[in-house]
Amino acid sequence: MAVVRFLQWLALVLLASLALAAVPAGAQTVGSPIPAGSNPRAVAVDPILNKVYILSEFTDQVIALDGATHATTPIPTGSRPQYIAVNPTNHRVYVTNANDATMTEIDGTTNTVVNTLGIGGNGPIAIDPITNRIFVVRLSSAATDEVTIVDGNTDSWFSIALDSF
């Protein structure tokens, strides 16, 4: 079994090196810097809209970057944004904010804030794009063994305790 895994790994490495060798060195250049706010902390991508969302932690905003034009749009968030995730099926961007324990919901098609939910915590975000459920691991509250689940269709939410001890 170990030999098969090693051969699979070796084949992957060889394929990757062949792919990289196909890109001419002259085509590998660094472009002009793109302003991304102060202290970028995290990034998320909407591959359908070709947009990149960059958290600017100490300016309390997300910078929306158009992948085609490189134009940027600042979008306000709650106080001290920490984590970000994108639902590529409905183009909603979710940001958890540390200082006010909220979650900012952004419409990625218009780059506007559509809702701010006081979820009582802050932490990493995962999204189920099929059910439109947003999961937040609460790291910034006394209840660090909780997960907040947000229904993206109604913006209603609840938290469940996990027996992590």
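Visitor: Which backbone oxygen does the side chain of Arg138 reach?
Guide: This is a predicted model, where local features need pLDDT of at least 70, side-chain atom pairs count only at pLDDT 80 or more, and totals for chains, interfaces and linings use all residues. Residues are numbered from 1 along each chain as its sequence is written, and side-chain values use heavy atoms, with hydrogens and water left out. A polar contact here is a pair of N or O atoms within 3.5 Å; within protein, one must be able to donate a hydrogen and the other to accept it, and residues adjacent in sequence count only if both atoms are side-chain atoms. At 3.4 Å, the Arg138 side chain reaches the backbone oxygen of Ile119.

Visitor: Is Arg138 buried or exposed?
Guide: Buried means under 20% relative accessible area, exposed over 50%, and partly exposed in between (1.4 Å probe, protein chains only). Arg138 has a relative accessible area of 10%, so the call is buried.

Visitor: Why is strand β6 largely enclosed by the rest of the structure?
Guide: Strands (E, at least two residues) are DSSP runs, numbered from the N terminus. β6 covers residues 92-97, and it is largely enclosed because the buried ones number five of the six.

Visitor: Which residue in β7 is the bridge partner of Val93?
Guide: Two strands pair if DSSP finds at least two bridges between them. β6 and β7 (residues 102-107) run antiparallel over six bridges. Val93's partner in β7 is Ile106.

Visitor: In the β5 and β6 hairpin, which turn residue has a positive phi?
Guide: β5 (residues 81-87) pairs with β6 in the antiparallel sense. Four residues sit between the two strands, and the one with a positive phi, about 60 degrees, is His91.
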